Amino acid sequence: MDGMAASALAIALVGLGLWTLVRRRNVIWKLLGLNVAAGGAILFLVAVAHRPHAHPAIAELGPGPSADPLPHALVLTAIVIHFATLALSLVYVIFLTERRHSQDVHKLEEER
Amino acid sequence: MKWAAGIAILGLVVLMAMGTWSLFPRPDVPSWEEETTAWGAENAVAAIVLGARLWDTLFEVLVYAMAMVGVRLALRPLRQAEPQAPLPETPLLRRAADVLLGPIVVFSIYLAASGHLGPGGGFPAGALLGSGLLLLALAKGAERLGGELHEPALELWEYGAIALLLAVGGGVVLLGWRGEHVLLGADFLIAVVVAIGAWVVLHNFASSRGEI
């Protein structure tokens, strides 16, 4: 069961995040849902890298089974790009709030 | 409409679970020690990110920097609209910043310098340095610190670090260099880019207080 429980939790997190992304009407809530889904994706990569009784992928920690280093490198990329795109989309939300005085997608679509 | 979205997301989750099921049990990791040492690293993640996938990492940093430039440019018209009164500074935060800033800077330099030997690297070091700058901004007031740090000069620093990183990285990839000094240089340049980018985002978010 190594890593399987964690990846099940990760898939549940992605589902929860997608549900929030689809069903909530507030733009900031949608971004929070996207954030939770990205957290699920990162947890999934970490769960895939897991091996039973393994040490981290550092050479001087000696022989024996080690964790898979490639998903760890992908996690690094995912965190950085996620931070950057989340910051940029929050800036767009600030812009939208200043211009249209609303964060509700239904109102934003109706007024034009 | 609600149940349609629910069924769609449930189906997606079931598909993901079925795809994941075939991944387990995970196969053994092939031996990576020799290859990692050949790149001049002890940490296999550093050997992948800064060695085998250096070209990917360069463009990842480029994407990061483009997002930061987007944040700065999109918030600029909003910030010039009305000058706001600076936030009052609190003595507790000021003292804490005095005590904590030195260890934060030293630890981030340590992380950048030892990223190829153990846990660490350029990205965490840059994030740490950026959040240290945010602590300083909260203690001294974002407007005052922005004036003291000379933001146009900081902008030049960021563009310079990106250009240097792309040029050096491209040269390294084309010439096929590998070794400890390449990893160290890439780690420090990435730390500078990420720290300035994190500072730009956090400072802009801290200093733009609008009203709905």
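**A helix pair and its surroundings**

Mentor: Happy to! Let's start with the residues themselves: on the H2(A) side, Val27(A), Ile28(A), Leu31(A), Asn35(A), Ala38(A), Ala41(A), Ile42(A), Leu45(A), Val46(A), Val48(A) and Ala49(A) meet a set from H3(A), namely Pro71(A), His72(A), Leu74(A), Val75(A), Ala78(A), Ile79(A), His82(A), Leu86(A), Ser89(A), Leu90(A), Val93(A) and Leu96(A). Sorted by class, the residues of this contact are 19 nonpolar and 4 polar, with no charged ones. Keep in mind that the model is predicted.

Now the geometry. Two packed helices are described by the angle between their axes and the distance between the axes. Here, the axes of H2(A), which covers residues 27-49, and H3(A) come within 10 Å and cross at roughly 180 degrees. Angles over 145 degrees count as roughly antiparallel, so H2(A) is roughly antiparallel to H3(A).

H3(A) also takes us to the partner chain. In total, 36 residues of chain A are in contact with 38 residues of chain B. Helix H1 (4-23) and helix H3 (69-100) of chain A each give at least two residues to the side of chain A that touches chain B. The largest share of that side, 17 residues, comes from H3(A). By class, the side of chain A facing this contact holds 22 nonpolar, 9 polar and 5 charged residues.

Chain B has 9 helices and 0 strands, and along the sequence the pattern reads α-α-α-α-α-α-α-α-α. Its radius of gyration is 22 Å, well over the 17 Å that the globule rule gives for 212 residues, so chain B is more spread out than a compact globule. The C-alpha atoms of chain B fill a box of roughly 60 × 60 × 35 Å along the principal axes. Of its 212 residues, 33% count as buried. Among the contacts in chain B with a separation of 6 or more, 82% join residues 24 or more positions apart.

Finally, the core. The largest nonpolar core has 67 residues, and the members that touch the most others are Ile190(B), Val193(B) and Val194(B). Helix H9 of chain B, residues 180-207, supplies the largest share of this core, 15 residues. Leaving aside residues up to four places away in sequence, Val194(B) touches Tyr64(B), Gly122(B), Phe123(B), Gly126(B), Ala127(B) and Gly130(B).

Key: Residues are numbered from 1 along each chain as its sequence is written. Chains are lettered from A and ligands numbered from 1 in the order in which they are written. This is a predicted model: local features need pLDDT of at least 70, side-chain atom pairs count only at pLDDT 80 or more; totals for chains, interfaces and linings use all residues. Two residues are in contact if their C-beta atoms, placed from the backbone, lie within 7 Å. Helices (H or I, at least four residues) and strands (E, at least two) are DSSP runs, numbered from the N terminus. Ala, Val, Leu, Ile, Met, Phe, Trp, Tyr, Cys and Pro count as nonpolar, Asp, Glu, Lys and Arg as charged, and the others, Gly among them, as polar. Axes are lines fitted to C-alpha atoms, for helices over the stretch in contact, and angles run from 0 to 180 degrees between N-to-C directions. Angles under 35 degrees count as roughly parallel, over 145 as roughly antiparallel, 65 to 115 as roughly perpendicular and the rest as oblique. A nonpolar core is a set of buried Ala, Val, Leu, Ile, Met, Phe, Trp, Tyr and Cys residues joined through C-beta atoms within 7 Å. A residue is buried if 20 or more other C-beta atoms lie within 10 Å of its own, exposed if 12 or fewer, and partly exposed in between; C-beta atoms are placed from the backbone. The radius of gyration is taken over C-alpha atoms; the globule rule is 2.2 Å times the number of residues to the power 0.38.
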